[in-house]
Amino acid sequence: QVQLVESGGGLVQAGGSLRLSCVGSGPTFSSYVMGWFRQAPGKEREFVAAISWNGRMTTYTDSVKGRFTISRDNAKNTVYLQMNSLKPEDTAVYYCAVDSNLVKYSARGFSTADYEYEYWGQGTQVTVSS
């Protein structure tokens, strides 16, 4: 069982920055692919970014490329999402999640489907004003 706790959300003006953090529990945290998703009001939850267990590989949805950076510090059991040049359309609840299926990851690479991620945090609200 893995427990995840996100923090760092808040209200920011368009063009501003926020850094989200997600702290995970458990000794095997450093073995997992970690992802960030978001859900805006009235919309489906969507993939934002993911990072490999060692931080060497990352992937992003097109709408955040060049603005968001995912990273991790396994010594602290923490994954980060640095968000720059924020836009009102980035407003959502942001969730971190664990993909613990290393066999699938080895075969297909990163998944952008939320059902492939087994453990989820409670979410943190990000609001970007225009």
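**Entry 1: R67.** I started with R67, which is found in the loop between β6 (58–60) and β7 (68–73). I note that the model is predicted. Is R67 buried or exposed? R67 counts as buried because its relative accessibility is 10%, and the cut-off for buried is under 20%. I then looked up the polar partners of its side chain. The side chain of R67 reaches the backbone oxygen of S63 at 2.9 Å. A polar atom of that side chain also lies 3.0 Å from the backbone oxygen of S85. Not counting residues up to four places away in sequence, I found R67 touching Q82, M83, N84, S85, L86, K87 and D90.

**Entry 2: strand β11.** I went through β11 (residues 124–129) side chain by side chain. T124, V126 and V128 point to one face and are buried. Next I checked the pairing. Strand β2 (residues 10–13) pairs with β11 in the parallel sense over four bridges, and G10 has V126 as its bridge partner. Strand β9 (residues 92–99) pairs with β11 in the antiparallel sense over three bridges, and A92 stands opposite V126.

**Entry 3: S25.** I placed S25 in the loop between β3 (18–24) and β4 (33–39). S25 is partly exposed, with a relative accessible area of 27%. Which residues does S25 contact, leaving aside its neighbours within four places in sequence? I found V2, Q3 and N77. V2 is 23 residues from S25 along the chain, and their C-alpha atoms are separated by 5.6 Å.

Key. Residues numbered from 1 in each chain as written. Predicted model: local features only at pLDDT ≥ 70, side-chain atom pairs only at ≥ 80, totals over all residues. Heavy atoms only, no water. Helix = DSSP H or I, 4+ residues; strand = E, 2+ residues; numbered from the N terminus. Buried < 20%, exposed > 50% of the residue type's maximum accessible area, 1.4 Å probe, protein only. Contact = heavy atoms within 4.5 Å. Pairing = 2+ DSSP bridges. Polar contact = N/O pair within 3.5 Å; in protein donor to acceptor, adjacent residues only side chain to side chain.
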